Amino acid sequence: MFNIFNSESLWIGTDMEMFNKIRTRLEQEGIPYKYKTKNHLSQTMFPAEGTLRIRMGSLGNDVNQMIEYEILVHKKDYEKAKKY
């Protein structure tokens, strides 16, 4: 089991296809991983004033760039995992 203190960020990006390719490869190689997602339009600008999407809408925002993915692996597996 790993956590924030003993993990390394293997990949950060907005490409869902690449995100899934990396996850599939890690699973095939038996490398444990965790992932995080961040929706940039659901972030708040100021407390109690709503999200960016509520305030500004999503017009003009590339839907392929709205969600950021991060894949984390245990530090001991990082060197092996970065080959994929």
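## Contacts of Leu26

Leaving aside neighbours within four places in sequence, Leu26 is in contact (heavy atoms within 4.5 Å) with Leu10, Ile31, Tyr33, Ile71, Val73 and Ala81. The model is predicted: local features need pLDDT of at least 70 and side-chain atom pairs count only at pLDDT 80 or more, while totals for chains, interfaces and linings use all residues. Residues are numbered from 1 along each chain as its sequence is written, and side-chain values use heavy atoms, with hydrogens and water left out.

## The nonpolar core

Leu26 is one of the 11 residues of the largest nonpolar core. A nonpolar core is a set of buried Ala, Val, Leu, Ile, Met, Phe, Trp, Tyr and Cys residues joined through side-chain atoms within 4.5 Å. Buried means under 20% relative accessible area, exposed over 50%, and partly exposed in between (1.4 Å probe, protein chains only).

The elements that give two or more residues to this core are β1 (7–13), α1 and β3. Helices (H or I, at least four residues) and strands (E, at least two) are DSSP runs, numbered from the N terminus.

## Aromatic pairs

Three aromatic pairs are found in a search of the whole structure. Rings of Phe, Tyr and Trp (its six-membered ring) pair if their centres lie within 6.5 Å; planes under 30 degrees apart count as stacked, over 60 as edge-to-face and the rest as tilted. The rings of Phe19 and Tyr35 have centres 5.3 Å apart and planes at 75°, so this pair is edge-to-face. Because Phe19 lies in helix α1 (residues 16–29) and Tyr35 in strand β2 (residues 33–39), the pair ties together parts that are 16 residues apart in sequence. Phe19 counts as buried at 4% relative accessibility, whereas Tyr35, at 45%, counts as partly exposed.

Phe19 also pairs with Tyr69: the ring centres are 4.5 Å apart and the planes are at 20°, so the pair is stacked. Tyr69 lies in strand β3 (residues 67–74) and Phe19 in helix α1, so parts that are 50 residues apart in sequence are tied together. Tyr69 is buried, with a relative accessible area of 7%. Trp11, Phe19, Tyr35 and Tyr69 form one aromatic cluster.

## Surroundings of His74

Strand β3 also contains His74, which is buried at a relative accessible area of 16%. Its side chain makes a polar contact with the side chain of Asn6 (3.4 Å). A polar contact is a pair of N or O atoms within 3.5 Å; within protein, one must be able to donate a hydrogen and the other to accept it, and residues adjacent in sequence count only if both atoms are side-chain atoms. Not counting residues up to four places away in sequence, His74 touches Met1, Phe2, Asn6 and Ser7.
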